[in-house]
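The entries are in the order in which I checked things.

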Amino acid sequence: MHKKKILLIDDEVDILEILSYNLEKEGYLVTTATNGNEGIQKAKEMIPDLILLDVMMPEKDGIETCQELRQIKELQNTLIVFLSARSEEFSQLAGFQAGANDYVVKIIKPKVLTSKINALLQLTSKVSNDAKVLKIGDLVIDKDNVKVTKSGQHFLLPKKEFDLLYLLASNTEKVFKREEILEKVWGNDVVVGERTIDVHIRRLREKLGINTIQTLKGIGYKLVV
């Protein structure tokens with residue numbers, strides 16, 4: 001059975017030891033790095049399923065590290081979760097804009113964090129029997145290759161952005177409510193910030209065109225054909 005690989009990047013050695021212990025008990029293969037540059041190098045070598053990344057680090061902070069990780073083609077489907085002592089909204093938004101899938105404040109208990117990681121990885125492991133390729137106008141969404149093409153231009157989207165786009169494209173006649181999006185893309189057992197959907201929608205609009213996704217105030221979102 002394939003063991004999921006997790007890379008921990010944090011300059012606090014005691015944090016690395018505690019998290020490594022708890023995650024290894026769950027059966028994960030854990031690798032650690034104490035700074036951004038070391039983390040990027042190890043990520044290239046091991047291609048982890050999930051990266052747990054600190055925000056405040058010397059030399060290269062977590063935001064810069066995340067941005068560089070997202071430029072590496074082999075890591076497009078790797079989940080990146082920020083683990084930070086900073087709980088301010090602007091810090092969380094910066095994390096999502098850099099390409100993170102989730103943002104967790106460090107006061108969370110190790111066992112709760114482990115449960116959250118379990119849920120995230122289980123969601124990405126589920127195999128869907130839905131259509132493999134969706135074509136909506138000049139937009140083509142290839143589920144098997146996690147690839148999006150619009151007007152001949154190719155886009156490699158982070159996993160959650162892709163899953164969100166695929167959900168909206170699965171029924172262009174439907175307005176998807178925020179609660180349904182959270183359930184189907186992030187899962188009921190995964191706690192995310194209230195602004196998570198907004199950040200992901202904004203990133204998709206920036207990449208695919210401002211008119212690609214319509215907002216119906218107080219209801220939800222719809223893909224515009």
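The entries below go from the domains to their interface, then to a pocket and a cavity.

Entry 1, the model. I note at the start that I am working from a predicted model.

I looked up the division of the protein chain and found domain 1 (5-125) and domain 2 (133-223). I then took the centres of domain 1 and domain 2 over C-alpha atoms and read a separation of 23 Å.

For the area that domain 1 and domain 2 bury between them I have about 1600 Å², with 57% of it on carbon and sulfur atoms. I searched the interface of domain 1 and domain 2 for salt bridges, and the rule finds zero. For polar contact across the interface, the rule gave me one residue pair, both at pLDDT 80 or more.

I noted a volume of about 240 Å³ for the second largest pocket. I listed 15 lining residues, and the closest to the pocket centre are Arg70, Gln71, Leu156, Pro158 and Lys207. Sorting the lining by class, I got five nonpolar, five polar and five charged residues. Which domains supply the lining of the second largest pocket? I found at least three residues from each of domain 1 and domain 2.

I looked for cavities of 30 Å³ or more and the structure holds one. The space I recorded in the largest cavity is about 30 Å³. I wrote down its lining as Leu8, Ile9, Asp10, Leu16, Leu19, Leu52, Leu53, Asp54 and Leu83.

Notes
Residues numbered from 1 in each chain as written. Predicted model: local features only at pLDDT ≥ 70, side-chain atom pairs only at ≥ 80, totals over all residues. Heavy atoms only, no water. 1 Å grid on protein atoms, 1.4 Å probe; cavity = no way out; pocket = protein on both sides within 12 Å on 5 of 7 lines; lining within 4 Å. Points joined across faces, edges and corners; volume = space filled by probe spheres on them. Nonpolar A, V, L, I, M, F, W, Y, C, P; charged D, E, K, R; others polar. Domains from an automatic or database assignment. Buried area = accessible area lost by both parts, 1.4 Å probe. Salt bridge = Lys/Arg side-chain N within 4 Å of Asp/Glu carboxyl O. Polar contact = N/O pair within 3.5 Å; in protein donor to acceptor, adjacent residues only side chain to side chain.
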